[in-house]
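Thanks for coming, everyone. Please look at the screen, and we'll walk through some helices together.

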Amino acid sequence: MREFFTHERFGRPQIFAGLLLLIFIAECGWLLAHKHSSDLAITEDEFDRITEGAAQWHGLGIAGTPAIGNRHSSAEMGGDRYDPNHSPLWYLIGSAPVAIFDVSPDHRLWAWFTGAPYVLFGTLLGASVWYVSRRLYGNAGGYIALALYCSSPSVIRTSALWFASPNIAAAWGTFGAVFTAIAVSHTLYAPREVVLWNWRRILLLGISLALAVGSQFSLVIVIPVLAAFMLYLAHQRRAAAIVILGASCFIGVVLVFSAYSFHPRLFSQGLAHARLLDVSGRAAGMSGAYLQVIKEVASSGPVLVLLAPAALLTYIVCQRSRYFGNTAPLIVALLFMALRVAAPHDVESVFSLTAVIFLFVFVAGIAADLLETKFP
């Protein structure tokens, strides 16, 4: 234990990051405390999501499928009543505390119990943003990325479910999948049995993919992105990269299958009805779609409206900033913004939230390059 609690593991950077995350938790807690008193505290969609998930926890069916006792008819579900956007995992996450403690919707603890999983995911995503940015850009990059994250109104609102869709788990899964794939690619040049030696990262990558795709089917788009990054970084060991990615995808499929309680017919039908990529090419010619993306980025922090274009201009002009550590988050952020443009009618799109998270990392990297300051 003494070796674990070393200065390298728990020094000033970790303490400062912990304080920022505590502020983030307090901000989310303040919203949760005021959510119950709101006249719109429990929406119909939230009630259906929690009650279906709780029913599955109690063995009364599979959420998001016809095999659920309290399924409400919804136009979004269609005639087959399969959720085209989410697997049962999406329902199970938010309903776990309610199912365990059997809290009713009219109880004052309902908002706390239904919001707690997403505050936890938001905190873990913030810790991941800090950890990745610090590893890539040093302490300065870690501080900047985490400060942008913890002060983002849209991130706080989504984590506290303050009239927002529960997309933070999907964003964390996507973020973890991208940077875990990058990390495992860098280990493939070591003189060892890289596939077996990387079993922990393979498992982590599989869990990340399950969390992302299980929470939002359309995030399956991240898999070809991971393949491109891994093949680029491990160009001399591409076979090993493909095996690792394939093994991780298999683990992710098994985990999503488990969310269907290992029911093969419901699992296959759920995937058959899944809306993997609902985009429109006509949206590319709509100016309103681009303005909507700009507004959603601005809602993630007004300072980002200034910092993101400045960081992009610096990236273009300054050759020193054009390395893979900056390029990767920029590519992912632009990809998800483009997907948001192509799907402008989705309310509370996970694409915008995910794009903003990667923008935080990109801006932090450019700022750290410009600062060239050694933080303690």
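Start with helix 4, residues 110–150. Helix 4 has 41 residues. A straight helix would reach 60 Å, at 1.5 Å a residue. Yet the end C-alpha atoms of helix 4 are only 25 Å apart. Where does helix 4 bend? At Tyr137, by about 145 degrees. One caution before we go on: this is a predicted model.

Now move to helix 8, residues 199–215. We'll look at two of its contacts.

Take helix 6 first, residues 168–186. The axes of helix 6 and helix 8 are 7 Å apart, and the angle is about 150 degrees. Angles over 145 degrees count as roughly antiparallel, so helix 6 is roughly antiparallel to helix 8. Left-handed or right-handed crossing? Left-handed. On the helix 6 side, the contact residues include Trp172, Gly173, Gly176 and Ala177. On the helix 8 side, Arg201, Leu204, Leu205 and Ser208 are among them. By class, this contact of helix 6 with helix 8 has 12 nonpolar, six polar and one charged residues.

Next, helix 3, residues 88–101. Its axis comes within 7 Å of the axis of helix 8, and the two cross at roughly 100 degrees. That makes helix 3 roughly perpendicular to helix 8. Which residues meet here? From helix 3, Leu89, Trp90 and Ile93. From helix 8, Ala210, Leu211, Gly214 and Ser215. By class, that contact has five nonpolar, two polar and no charged residues.

Look again at Leu211 and Ser215 in helix 8. Both meet helix 3, and both meet helix 6.

Technical notes:
Residues are numbered from 1 along each chain as its sequence is written. This is a predicted model: local features need pLDDT of at least 70, side-chain atom pairs count only at pLDDT 80 or more; totals for chains, interfaces and linings use all residues. Side-chain values use heavy atoms; hydrogens and water are left out. Axes are lines fitted to C-alpha atoms, for helices over the stretch in contact, and angles run from 0 to 180 degrees between N-to-C directions. Helices (H or I, at least four residues) and strands (E, at least two) are DSSP runs, numbered from the N terminus. Angles under 35 degrees count as roughly parallel, over 145 as roughly antiparallel, 65 to 115 as roughly perpendicular and the rest as oblique. Contact means heavy atoms within 4.5 Å. Ala, Val, Leu, Ile, Met, Phe, Trp, Tyr, Cys and Pro count as nonpolar, Asp, Glu, Lys and Arg as charged, and the others, Gly among them, as polar. The expected span of a helix is 1.5 Å times one less than its number of residues. The bend at a residue is the angle between axes fitted to the seven residues ending there and the seven starting there. A crossing is left-handed if the near helix is turned anticlockwise from the far one by less than a right angle, and right-handed if clockwise.
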